[in-house]
Amino acid sequence: MATQKQDGLFTDTALSAVDLRGSEFLFCTREADGTISVCGADEKIAGVISEGKDVGLHSSFNTGGGWLKVIAGGPIAINDPVKSDAQGRGVNGATNMFGYAKSAASAAGVFVEVVPDRV
């Protein structure tokens, strides 16, 4: 089981717009009503889901800190900018990026460590 360091200063919760159970380690986005859902391709990223819950319940997500683990959507090299693909996985890309890869991912489905590019 994968784990990541969590810091209370960089952890948030919001109501789930959809069922987020099983969506841990995927990027999430905030909807217009303040709820969260799995991030789509090139959407603005709110954080990485750390505990997904059913619709209408509060899900937890990490917004920053030292580094966060994300499931890769394809190969990513160290120092590549990371954004979301259509399934909320991390892919190489600079538009609406969340941060930079601290580790490499050889293929889709493996973990990549991302250093958030946020204050």
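Which residue in E3 is the bridge partner of Thr29? Select Thr29, then Ser37: these two are bridge partners, with Ser37 on the E3 side. A strand here is a DSSP run marked E of at least two residues, numbered from the N terminus.

Before moving on, note that this is a predicted model, in which local features need pLDDT of at least 70, side-chain atom pairs count only at pLDDT 80 or more, and totals for chains, interfaces and linings use all residues. Residues are numbered from 1 along each chain as its sequence is written, and side-chain values use heavy atoms, with hydrogens and water left out.

**Stop 1: Ser37**

Stay on Ser37, in strand E3. Ser37 is buried, at 9% relative accessible area. Buried means under 20%, exposed over 50%, and partly exposed in between, using a 1.4 Å probe and protein chains only.

**Stop 2**

Show strands E1 to E5. The 5 strands form an open, antiparallel sheet in the order E1-E5-E4-E2-E3. Two strands pair if DSSP finds at least two bridges between them. E2 and E3 have 3 bridges.

**Stop 3: two loop residues**

Most residues other than glycine have a negative phi. Select Phe25, in the loop between E1 (11-15) and E2 (27-30). Its phi is positive, near 75°. Phe25 is buried, at 15%. Next, select Asp42, between E3 (36-38) and E4 (47-51). Here phi is also positive, about 60°. Asp42 is partly exposed, at 31%.

**Stop 4: the cores**

A nonpolar core is a set of buried Ala, Val, Leu, Ile, Met, Phe, Trp, Tyr and Cys residues joined through side-chain atoms within 4.5 Å. Select Phe27, Ile76, Phe98 and Val112. They have the most contacts inside the largest core, which has 14 residues. Strands E6 (68-71) and E10 (111-116) each supply at least two of its residues. Apart from this core lies another, of 7 residues, including Ala14 and Phe61.

Definitions and conventions
Helices (H or I, at least four residues) and strands (E, at least two) are DSSP runs, numbered from the N terminus.
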